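Let's walk through this structure together, starting with the overall fold and ending at single residues. Keep the viewer open as you read.

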Amino acid sequence: MREPVSRRGFLRLGAAAAVSAAGAAALSACGGGSAAPAAKAQGLAITLPAYTPLSGALKPDLPGNATGVPDGYFTYPKELFKAVAKPPMSGGTVSIAVQTFSPPPPGRAENPAWQEVEKRLGGTADMQPVTSDDWPTKFNTMVAGGTLPDLFTYVSTQGVNNLPAFVASQCTDLTALLGGDAVKEYPNLAAIPQVFWKQGIVGGKLYGIPVPRNMVGGLGFYRADMFARAGVTDLAQVTDLDRLFELLKEVTRPKDNQYGLVTHTGGVYGLSIFAQLFGAPNLWRLDNGKLVHQIETEEYRAAVEYVRKLREAGVIYPGSEGFDGLKRKNEFNAGRAALVYDGLPAYLGPTGYLQTSRKIDQKADPRPMIPIGPAAKAHLNNIVVSITMMKKSDEARAKELLRVADFFASPFGSEEYTLFNYGVEGADHTRDDKGNPVLTEQGGRDTTVPWKMVAAPTQPLFDSSSAEAVKIMHEAIGKMIAVGVEDPTVGSYSPANENSYESLYTMRNDRVTSIVAGRAPVSDLDRLIKDWRAKGGDKARAEFEEALKQAPKAG
Amino acid sequence: MERPSTIGLVVKGLILLTVVLLVAYPFVGVIGTSLSTESDIARSGGFVLLPTSPSLSAYETVFNGGTVTRALLVSVLVTVIGTAASMLATIGMAYGLSRREVTGARWILLIALLTMLFNPGLIANFLLVKQVGLIDTFGALILPGLVSAFNLVVLRSFFMGLPRELLESARIDGAGDFGILVRIVLPLSKAVLAVISLFYAVGYWNAFFNALLYLNDSDKFPLPLILRTFVLQGRTLDSLAAAEAPAPVQAIQMAVLVVAIVPILLVYPFLQRYFTKGVLTGAIKG
């Protein structure tokens with residue numbers, strides 16, 4: 001459930017007031033007087049941390065490549081290596097607040113994995129895990145109450161107003177500490193590609209350490225077994241979107257309670273899949289220095305019309321627009337829908353689509369949807385889980401905290417990574433006959449401490465239960481990245497975008513949902529574009545264009 | 001009195017049955033789902049009334065963890081201590097304010113009433129709790145809402161409704177204010193005290209927001225906050241479910257829900273007979 005915008009707005013205001021009070025001294029030096037400085041559009045003008053891959057640590061079963069296809073592993077490395085030579089801290093405490101997606105973990109007294117993390121850290125880690133739904137409330141009270149911890153998650157859609165003023169007064173500027181070759185002091189952080197670091201830039205400076213996810217968010221998942229029953233044994237046989245329409249119609253059998261597509265509340269009937277298939281831009285497209293927003297393009301309009309037709313043809317699971325995420329997942333897993341939009345990380349692992357659907361039906365064959373047809377693109381979006389910021393600290397402390405972040409960014413196959421993800425061998429996990437770590441019951445609980453939300457390495461593909469799934473994922477990501485499109489505004493800052501993003505996003509989602517649901521005509525899209533431009537869209541565009549002009553070649 | 005007709009009885013019966021079904025349906029569903037297996041849940045679309053092969057695995061997962069059991073203990077302690085402290089403070093204040101001879105009583109009451117109309121807001125509250133050093137302590141769960149203005153008004157009205165003659169005769173017999181309160185007023189107010197205790201207890205039992213704001217150490221989290229985590233984050237209980245035969249995510253959510261509902265549900269019937277009487281008394285005589 002999302003927090004109502006009005007309350008969040010109120011919290012943001014409170015936090016902003018505290019920021020301007022706390023930062024008044026620091027800010028007045030910039031000539032802004034007692035008020036927070038007026039935020040300006042900012043381009044990418046800094047040297048990003050130099051990407052330095054860790055050399056030859058492991059041999060993947062399926063090697064990745066420089067475009068961002070991750071390494072794939074069928075089994076967990078038997079020989080673990082040490083990623084951090086000596087403890088990053090020498091006594092003392094580091095306080096951390098991050099989002100968690102798990103239930104609260106057992107405290108350090110009953111948690112051998114936590115104790116081991118602190119032993120290797122060389123200090124005490126005071127970790128505050130906050131559920132993602134409660135994050136805005138907690139974060140804004142921490143800002144307003146002046147109780148920000150040393151390292152904390154920053155989520156842009158749940159953050160503060162006037163981000164540049166906030167970071168300038170409350171956070172450590174990491175530009176000089178990490179930019180260029182300086183990052184080599186922290187080898188695990190240096191192994192994070194630059195595309196992820198761009199997400200940590202605020203107002204033209206580096207303030208955030210990225211927690212990487214995949215390079216692509218994906219186009220959802222399809223049931224290969226259901227498509228096969230309709231005569232399509234390989235997605236390559238579906239050459240264009242008309243054929244896909246026919247196919248989705250063929251698998252739809254309302255009598256058997258089986259549909260082409262299942263959606264959920266706020267999912268705009270899976271529009272994201274089709275926007276990518278039609279080749280709509282990843283939020284913005286840069287045409288000769290001019291930005292065009294996704295909703296202004298013909299491709300987006302075509303996708304909206306297509307999904308509307310799917311609904312009219314009865315292909316979309318009736319009533320699924322009222323489902324929550326879990327229900328949507330259940331229906332897809334139970335074989336009642338052939339296509340679903342969900343992020344790629346939802347595929348592998350014990351609660352991923354693959355394993356859960358096979359628990360219900362051995363023959364279930366869910367696979368990541370891949371780009372179909374000549375125009376299809378894959379949006380390189382959603383590439384970080386979040387970014388981690390550092391409370392304002394002096395240089396020595398900042399370096400110590402960066403060493404802490406480097407520790408948590410230890411790569412796959414290292415002793416540290418194994419500790420964060422599988423706990424202590426014996427108590428928290430055992431090794432199966434192939435050497436894969438298997439969590440014990442205690443391990444399942446102990447490893448819910450969200451260490452991997454503080455900092456993390458790039459994510460490899462690994463699922464000990466199915467080499468086939470790793471291959472499928474590896475191949476699918478390769479195909480997506482081959483037609484991947486970046487959002488050209490990433491790394492640039494527009495105050496108008498920051499302030500109106502949420503309201504514009506909600507307006508767009510609501511009105512497009514109405515169009516697809518048949519409550520409004522397709523022509524309403526023109527009115528939506530007009531409103532979107534008037535309510536901040538045009539201003540954001542102008543600011544982004546200015547920002548992009550400022551630093552066209554940086555990065 | 002005229003006997004109700006058969007049709008009237010049937011209609012009334014049907015209406016009552018419908019209401020009971022409307023209330024019982026989600027509750028039975030919660031219990032049914034908490035006892036279900038993954039395939040049951042998937043087949044029924046996430047809401048199981050009668051599981052085909054009931055399993056206690058969700059409850060095992062919940063209670064083995066230690067997190068829920070500790071949170072349960074925290075909640076019980078916060079509820080018991082909090083209710084006792086709140087009752088003590090509310091009774092003391094209500095009695096004081098109910099005596100006409102207390103100087104400034106009207107003003108104090110007005111200030112208390114103002115808190116019902118104007119909330120100081122989240123951030124002001126947070127700063128106050130931080131200033132008095134209650135962050136990350138159990139005190140932060142109890143002290144910010146120690147006296148509820150609503151309960152105070154109900155109790156004060158009740159105390160004011162007691163016959164003055166009774167209190168005066170006690171005074172003539174040599175009782176002081178404390179003696180009057182303990183020996184005369186409180187024994188006569190059992191109904192309203194039971195009701196207000198229940199209000200406080202339910203409030204403390206269900207409160208998660210103060211815990212969310214003021215507690216950083218997850219060892220101190222009360223049950224409602226844990227419940228909230230389970231229900232909201234259920235979709236990605238990845239690590240928890242990583243053990244060999246994981247209980248279904250929804251079953252775990254529902255099991256925690258049952259654990260959270262049952263204790264307060266058990267208290268309710270014992271206090272219910274005081275319930276209507278107590279509230280009405282306070283309201284009508286106020």
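Two residues are in contact if their C-beta atoms, placed from the backbone, lie within 7 Å. By that rule, among contacts in chain A between residues at least 6 apart in sequence, 81% join residues at least 24 apart. Before going further, note that this is a predicted model, in which local features need pLDDT of at least 70 and side-chain atom pairs count only at pLDDT 80 or more, while totals for chains, interfaces and linings use all residues. Residues are numbered from 1 along each chain as its sequence is written, and chains are lettered from A and ligands numbered from 1 in the order in which they are written.

Chain A holds 20 helices and 19 strands (DSSP runs numbered from the N terminus: H or I of at least four residues for helices, E of at least two for strands). Its radius of gyration is 24 Å, close to the 24 Å that the globule rule gives for 555 residues, so chain A is as compact as a globular protein of that length. Here the radius is taken over C-alpha atoms, and the rule is 2.2 Å times the number of residues to the power 0.38. The C-alpha trace of chain A spans about 65 × 60 × 40 Å along its principal axes. Of the 555 residues, 52% count as buried, meaning that 20 or more other C-beta atoms lie within 10 Å of a residue's own; exposed means 12 or fewer, and partly exposed is in between, with C-beta atoms placed from the backbone.

Now find strand β4 (residues 151-154) of chain A. A:Leu151 and A:Thr153 point one way and A:Phe152 and A:Tyr154 the other, and all are buried.

Next, turn to the place where the chains meet. The contact takes 39 residues from chain A and 42 residues from chain B. On chain A's side, the largest share, 6 residues, comes from α13(A).

Finally, look at A:Glu415 in helix α16 (residues 415-422) of chain A. A:Glu415 counts as partly exposed because it has 15 C-beta neighbours inside 10 Å. Leaving aside residues up to four places away in sequence, A:Glu415 touches A:Leu80, A:Phe81 and A:Lys82.
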